[in-house]
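Subject: Structure handover

Hello,

Here is the structure you asked for. Please look it over, then read my notes below.

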Amino acid sequence: MKRVGILTSGGDCQALNAAMRGVVKALWFTYEPGQIEIYGFMDGYRGLIYGDYKQLNYSDFAGILTRGGTILGSSRTPFKQIREPDENGVNKVEAMKQNYYRLNLNCLVILGGNGTTKTANLLREEGLNVVTLPKTIDNDLWGTDMTFGFQSAVNLATNVIDCIHTTASSHKRVFIVEIMGHKAGWLTLNAGMAGGADIILIPEIPFDIDKIVDAINLRTKRGAAFTILAVAEGAISKEDAALSKKEYKEKLEKREFPSVSYEIAKQIEERTGQEIRVTVPGHMQRGGEPCPYDRVLASRLGTKAAELIINDDYGYMVGVKNREIVKFPLEEVAGKLKMVPTDSDFIQEARMLGISFGD
Ligand code: F6P
């Protein structure tokens, strides 16, 4: 008999449902009826803290392979505040443990990104059996080569750049497409290259506005009618990158623009006199159906998680290494970000294509 709790936490992404379906289907096909029980916690760790859960049946997982979002709902429970009591004095960590033991669970399956994985590791340290699956459109989880949600978001962001390309070819303007990713530039780099962006700005490579202007002027000199910039929401200037974390935070609080792209747009406009347009697809990038790649990846990761549960082999995040589905000890991956290596072949290849990183 196995009793398994499951939850999705943090920002959602495509293929969360596909991944849960993968875990549960593999368990249901392994155990005899009545030998496996699945409990879904609602809205991430919130459900585990406050005991908001429901027992799920086979039918709950039918027809969800292609459905975006998460059937369990999600919310952000910041890791930084996890040890702080809530507004009613509830000790969140103790509450999660109590609900786990009260339901007599064998393990928790936790789908999430960086913050979620840190809390999962904390629960492991507190003695709970935990298996995590890496979800995020940012692809910034340490250890795994790939997270599910990422490829679907690349498709969507690329589609935006493709659309901008056709309108850009009609107007002699500079276009900026702002792509999600506060800390890591994987999504911007991939969508930018796939969409043929001329300038790509990512958090890992701080930019110099004069270099951006040089790249635009060079294109104009060569006869290009327009320029497209793919800008990560976490793109940062060299000047700002030199500030301390505290100073940068204070500067952001005073920023008169809604995001970095508008600030860059104003600076380019002032220096070149060109017309600039900014497009921010925002949460669209996390929405809609998962692409086939993500459905397959999520399903495969789901079966790996099920295998760990069947073997009572806990304390791991499942992920991808060199195209193989593998497990990573949580203590080795939790709390580490996977950034774009600035000296990677990928960046070098982009530069060879004439893409400017504004550096
Ligand atoms: O972590 C996924 C992500 O979509 C980031 O790319 C983005 O910066 C952030 O979440 C947005 O968070 P929220 O949905 O809380 O606005």
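How many Å apart do the C-alpha centres of domain 1 and domain 2 lie? They lie 34 Å apart. The contact between them, meaning heavy atoms within 4.5 Å, takes 10 residues from domain 1 and 10 residues from domain 2. Domain 1 is 2-148 + 290-333, and domain 2 is 153-286. These bounds come from an automatic or database domain assignment.

A word on the source. This is a predicted model, where local features need pLDDT of at least 70, side-chain atom pairs count only at pLDDT 80 or more, and totals for chains, interfaces and linings use all residues. Residues are numbered from 1 along each chain as its sequence is written, and side-chain values use heavy atoms, with hydrogens and water left out.

Now the ligand. Around it are R76, I137, D138, M180, G181, H182, E233, H283 and R286, each with a heavy atom within 4 Å of it. By class, the shell has 2 nonpolar, 3 polar (Gly counts here) and 4 charged residues (Asp, Glu, Lys or Arg).

Taken alone, the ligand exposes 400 Å², and the protein buries 71% of that. Those areas come from the Shrake-Rupley method with a 1.4 Å probe.

Best wishes
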